[in-house]
Amino acid sequence: MTSQEDPRFSADVPGERVVSGKDDQAEGRVTAVRRGNITEVINPDSLSQARTSTELETLTLHEERARVEVLREQAGSVSIRKVVRQREEVLPVTLTTETLEITVRDGAGKVTLNGEVLEPGRTYEVIVHDEKAVVQKEVFALSDVTLNKETRTYTHTENITLLREELDVRDPQGLVREVKLDD
């Protein structure tokens, strides 16, 4: 039976049910008390306190519950590579040259160097040893770089508003009264 077929229920407001009308057994006001699935309808004007137990309707109350789902997103990326940079350096090198000085004196006779006659009174130099700088490059370890991947776990708080249905009984005419049930 729907709310349109039963005059005791009104569906003017969605989610709200109003109990109204007259009891089938006696005339006068009707008191409806709901305890679980049982609704007791009592006529307070009746002296005999006749009780009838009629289930009018079962209402299901709902509530929202939060369910958290963790989504993994890529926040960014880093490219790691070794790059060779070029730089110029000036290296001071001390080089030594060893020479032989030949000085011919007068009256010493004839002196020749590589078939050339040396003149007396002059000094001649002959390079015996000469040093030249030969630069070689060597590779040394400058530093060790360690790459680590670290995962940190932390607690993040999300605020959420959840809804819950509650039963709200309105009795502007004062028809509802407390009834003691005899067990």
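Buried means a relative accessible area under 20%, exposed means over 50%, and partly exposed lies in between (1.4 Å probe, protein chains only). This is a predicted model, where local features need pLDDT of at least 70, side-chain atom pairs count only at pLDDT 80 or more, and totals for chains, interfaces and linings use all residues. Residues are numbered from 1 along each chain as its sequence is written, and side-chain values use heavy atoms, with hydrogens and water left out.

**View 1. N114 and its positive phi.** N114 isn't a glycine, yet its phi is positive, at about 55°. Look for N114 in the loop between β5 and β6 (116-118); strands here are DSSP runs (E, at least two residues), numbered from the N terminus. With 80% relative accessibility, N114 counts as exposed.

**View 2. R105 and D106 in the loop between β4 and β5**. R105 is exposed at 66% relative accessibility, and D106 is exposed too, at 67%. From C-alpha to C-alpha, R105 sits 5.1 Å from P120, though 15 residues separate them in sequence. For D106 and E119, 13 residues apart along the chain, the C-alpha separation is 8.8 Å.

**View 3. A nonpolar surface patch.** L59, L61, L167, V169 and V176 together make a patch of about 450 Å². To join such a patch, residues need over 30% relative accessible area and no salt bridge, with nonpolar side chains (Val, Leu, Ile, Met, Phe, Trp, Tyr) joined within 5 Å and like charges within 9 Å. A salt bridge puts a side-chain nitrogen of Lys or Arg within 4 Å of a carboxyl oxygen of Asp or Glu. One of the patch members, L61, is in the loop between β3 (51-53) and β4 and is partly exposed at 47%.

Conventions: Helices (H or I, at least four residues) and strands (E, at least two) are DSSP runs, numbered from the N terminus. Accessible areas come from the Shrake-Rupley method with a 1.4 Å probe; for residues, only the protein chains shown count as cover.
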